[in-house]
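Here are my notes on the model, point by point. Please read them with the structure open.

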Amino acid sequence: MGYIRAEEILPIEVIELIQQYVDGENIYIPRKSAHRQAWGTGTQIKQELLMRNQQIYKDYLAGSKTSELACKYYLSKKSIQRILRKMSE
């Protein structure tokens, strides 16, 4: 995420008002609720994580231990347990 200089887009009155609260600091201005997208909307990450979790579950059913799965998938044992619990529902 890049940034835009306030002087390029905001009237001086708005800049001076903001400076009363933060002077010379970076601030984040969130999107309007109507423009927000759900997490993962712009990428395939949700599908990739689902496929990974399905493979973890298959490996577990094939006899792999949670500690082995944690090492194999670079996750904590707690994360593996959470995935297994969710996939078994």
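Which pattern does the protein follow, read along the sequence? The pattern is α-α-α-α-α.

1. Basis. This is a predicted model: local features need pLDDT of at least 70, side-chain atom pairs count only at pLDDT 80 or more, and totals for chains, interfaces and linings use all residues. Residues are numbered from 1 along each chain as its sequence is written, and side-chain values use heavy atoms, with hydrogens and water left out.

2. Overall form. The protein has 5 helices and 0 strands. Both are DSSP runs numbered from the N terminus (helices: H or I, at least four residues; strands: E, at least two). The radius of gyration is 22 Å, well over the 12 Å that the globule rule gives for 89 residues, so the protein is more spread out than a compact globule. That radius is taken over C-alpha atoms, and the rule is 2.2 Å times the number of residues to the power 0.38. The C-alpha trace spans about 65 × 25 × 20 Å along its principal axes.

3. Burial. Of the 89 residues, 13% count as buried. Buried means under 20% relative accessible area, exposed over 50%, and partly exposed in between (1.4 Å probe, protein chains only).

4. Helix 4. Residues 66–73 form helix 4, with Leu69, Ala70 and Tyr73 buried. Seen down the helix axis, these buried residues fall within an arc of 105°, so they line one face. The arc is that of the directions from the axis to the C-beta atoms. Cys71 and Lys72 are exposed on the face turned away from the buried side. The buried residues pack against helix 3 (45–61) and helix 5 (77–87). Contact here means heavy atoms within 4.5 Å.

5. Core. The largest nonpolar core has 7 residues: Ile56, Leu69, Ala70, Tyr73, Ile80, Ile83 and Leu84. Such a core is a set of buried Ala, Val, Leu, Ile, Met, Phe, Trp, Tyr and Cys residues joined through side-chain atoms within 4.5 Å. Helix 4 and helix 5 are the elements that give two or more residues to it. Not counting residues up to four places away in sequence, Ile80 touches Ile56, Thr66, Leu69, Ala70 and Leu75.

6. Asp59. This residue lies in helix 3. At 12% relative accessibility, Asp59 counts as buried. Beyond four places in sequence, Asp59 touches Ser64, Leu69, Lys72 and Tyr73.

7. Tyr74. Please check this one. Tyr74 has a positive phi of about 55° although it is not a glycine. Most residues other than glycine have a negative phi. Tyr74 is in the loop between helix 4 and helix 5, and at 76% relative accessibility Tyr74 counts as exposed.
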